[in-house]
Amino acid sequence: MKIKNLFITGLSVIILIVQSCNPKNSKEASSNVAVTATDSRGKTITLPHEAMRVVILYNALVDDVYMLQAGEKIVGIPQQIYEMEDTYSFLSKLDKRIKNKSIATPTFGGQSSNAESIIGLKPDLVLTFNTDEDNINQLENLGIPVFTFSSLNDEKILDELKNVGKLLGKQKRAEEITGYVGEEVKKMRASQATSPKKIYYAWSKGRIMSTSGKGSLIDMAITLSGAQNACPVPVEAPNISAETMYKWNPDLMILWNSKLSDVYNLKELEALPAVKNKQVFVMSPSFPYDPHTVKFMLFAKQLRHWCMPEYTQEQLDQDVKKAFEIIYGKKGLI
């Protein structure tokens, strides 16, 4: 009887040792370890384990989560993901739920329709921009952790991706992406133009007389490209007159989600040299160049191509293809 008991005890010990060495069990154990990160507000977000159910309230942040290869954790996204043709087409390649439009959409127009629709998805983490104050306060008061982004500049974009990577259990993946983008940014800054061209950036939906001033995210991307922001005003989003446009006299005009006709049909700008010389370009499709993500680097490279003929379309295409393979971790996506 004693021998039998000893055998059972020894067998139990062996089973415990094998279980402790099992990678699957280790993975399960690691998912129950508390994770901590700092968001754009400087607020420390602590979860009892890596987030498993994530609701996202802004389009660019959906893209970030797929870059981190954590798409399976998403349970809610903005409605616009299904409505933006190039975004929907690309993300459909990464997630059948996107293709089938089966992920819930508790948001519309960039804002949540109501807190109840978000709560119903039982998220253990919500991702949004720090400007979304009403939703942030409401959700946090209900005990739902919220991680905010600012995407103010290149440093913030990289830092925020690394921090959300911690909460999603994708810290290593975040380091791979940010390490690559950081090195590319260094290379671009080391090869600036001696006589930079001036770029005027126009806001989306035909708002040609609305632009981005010094210190803005767009200003950062323009400078990174080796060009110069034609707008010298240190204001995030100034509205200007045609007279001011002639005074600034940009070499190029860049449009985002607008049409060339939005510029060429404006009588008050028809004598502007950039218009007369057909130096108006549309950033289209917009998805590969979203400056609110690490793709600000590709936004800057597209600008560089338009400003510097020596940086050819062929080279740009190669750079975009390589970047997509690295930041999404898959080949043949673009």
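**Note on the cores and charged pairs of a predicted model**

1. The largest nonpolar core comprises 86 residues, and Leu-127 and Val-181 have the most contacts inside it. A nonpolar core here is a set of buried Ala, Val, Leu, Ile, Met, Phe, Trp, Tyr and Cys residues joined through side-chain atoms within 4.5 Å. Buried means under 20% relative accessible area, exposed over 50%, and partly exposed in between, with a 1.4 Å probe and protein chains only. Helix H15 (residues 296–307) supplies the largest share of this core, eight residues. Helices (H or I, at least four residues) and strands (E, at least two) are DSSP runs, numbered from the N terminus.

2. This is a predicted model, in which local features need pLDDT of at least 70 and side-chain atom pairs count only at pLDDT 80 or more, while totals for chains, interfaces and linings use all residues. Residues are numbered from 1 along each chain as its sequence is written, and side-chain values use heavy atoms, with hydrogens and water left out.

3. Leaving aside neighbours within four places in sequence, Val-181 is in contact (heavy atoms within 4.5 Å) with Leu-158, Val-294, Phe-296, Met-297 and Ile-327. Another core, of 18 residues, lies apart from the largest one; Met-209, Met-245, Val-263 and Ala-274 are among its members.

4. The count of salt bridges comes to 13, each being a side-chain nitrogen of Lys or Arg within 4 Å of a carboxyl oxygen of Asp or Glu. In one of them, the closest N and O atoms of Lys-295 and Asp-63 are 2.6 Å apart. This pair links distant parts of the chain, 232 residues apart: Lys-295 is in the loop between strand S12 (280–282) and H15, and Asp-63 is in helix H3. Lys-295 counts as buried because its relative accessibility is 0%; Asp-63, at 2%, also counts as buried.

5. Lys-43 and Glu-140 form a salt bridge with closest N and O atoms 3.0 Å apart. Lys-43 is in the loop between strand S1 (35–38) and strand S2 (44–47), whereas Glu-140 is in helix H8, 97 residues apart. Both belong to a network of salt bridges that links Asp-39, Arg-41, Lys-43 and Glu-140.

6. Asp-132 is buried yet has no salt bridge, and the nearest side chain of opposite charge, Arg-41, is 10 Å away. Lys and Arg count as positive and Asp and Glu as negative, with His and the chain ends not counted.
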